[in-house]
Amino acid sequence: MYKVGRLGVLIKMYEDCKVYEYFHKPTGRWRVYLILPDGSRKYMNRARYNYEYFWDIKLDPKTQHVDHIDENPLNDNIKNLQILTPKENTEKRVAKEKPPIQHTFNCPTCGKEKTVPLNGVRLRKQKNFFCSVSCSNKRKG
Ligand SMILES: [Zn+2]
């Protein structure tokens, strides 16, 4: 006996399981545990469970990663989930990393223009930028 799922496909997997959701603090993600008809238990990410349940397919954890399209790991809505290969997943992470902020200034001692990479904290804290240590020392002395 099969149930008909939300897409009109037959739900065979997890059909006779009891499903419990819980928040897994160490990973900051929702997980589920299933009690199978034979009484055994199975733990998995809720994202994976939702994806497998909705599409009624079994994913291979080694080659099929469930990815959150909006980058919010708590948004396990089926519309926010897609399957990436481990390679695609890495590429997405790399593409997301921001290039360092570049700060261009004129040295207050010699007037030379210079560009340095820096983070936002340093930009807020440091008021004077010099082109070199010797220009910085000349200014102080
Ligand atoms: Zn200078």
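Author: Let's begin with a hairpin: β8 and β9 form one, with six residues between the two strands. Gly111 sits in that turn and has a positive phi of about 80°. Keep in mind that this is a predicted model.

Reader: Ok. How many bridges join β8 to β9, and do they run parallel or antiparallel?
Author: Six bridges join them, and the strands run antiparallel. β8 covers residues 101-106.

Reader: What stands opposite His103?
Author: Val116, in β9.

Reader: And how many residues of β9 are buried?
Author: Zero of its six residues, 113-118, are buried, so strand β9 lies largely in the open.

Reader: What about the whole chain, how much of that counts as buried?
Author: 6% of the 141 residues of the protein chain.

Reader: Different topic. How many helices and strands are there in the chain?
Author: There are four helices and nine strands. From the N terminus on, the order is β-β-β-β-β-α-β-β-α-β-β-α-α.

Reader: Which strands form the open sheet, and in what order?
Author: Three strands, in the order β3-β4-β5, with antiparallel pairing. The edge strands are β3, residues 18-24, and β5, residues 41-45; each of these pairs on one side only. From one strand to the next, the twist averages 25°.

Reader: How many bridges are there between β4 and β5?
Author: Five, and the pairing is antiparallel. Strand β4 is residues 29-35. As for a particular pair, Leu34 has Lys42 in β5 as its bridge partner.

Reader: Which helix packs on the sheet?
Author: Helix α1, residues 46-55. Helix α1 touches β3, β4 and β5, and its direction makes about 100° with that of β5.

Reader: Let's jump to Ser136. Which helix is it in?
Author: Ser136 is in helix α4, which covers residues 133-140.

Reader: Why does Ser136 count as partly exposed?
Author: Because Ser136 has 16 C-beta neighbours inside 10 Å. A residue needs 20 or more to be buried, and 12 or fewer makes it exposed, so a count in between is partly exposed.

Reader: How far apart are Ser136 and Cys107?
Author: In sequence, 29 residues; in space, 8.9 Å from C-alpha to C-alpha.

Reader: Last one. Looking at contacts with a separation of 6 or more, what share comes from residues 24 or more positions apart?
Author: In the protein chain, such residues account for 28% of those contacts.

Key: Residues are numbered from 1 along each chain as its sequence is written. This is a predicted model: local features need pLDDT of at least 70, side-chain atom pairs count only at pLDDT 80 or more; totals for chains, interfaces and linings use all residues. Two strands pair if DSSP finds at least two bridges between them. Axes are lines fitted to C-alpha atoms, for helices over the stretch in contact, and angles run from 0 to 180 degrees between N-to-C directions. Two residues are in contact if their C-beta atoms, placed from the backbone, lie within 7 Å.
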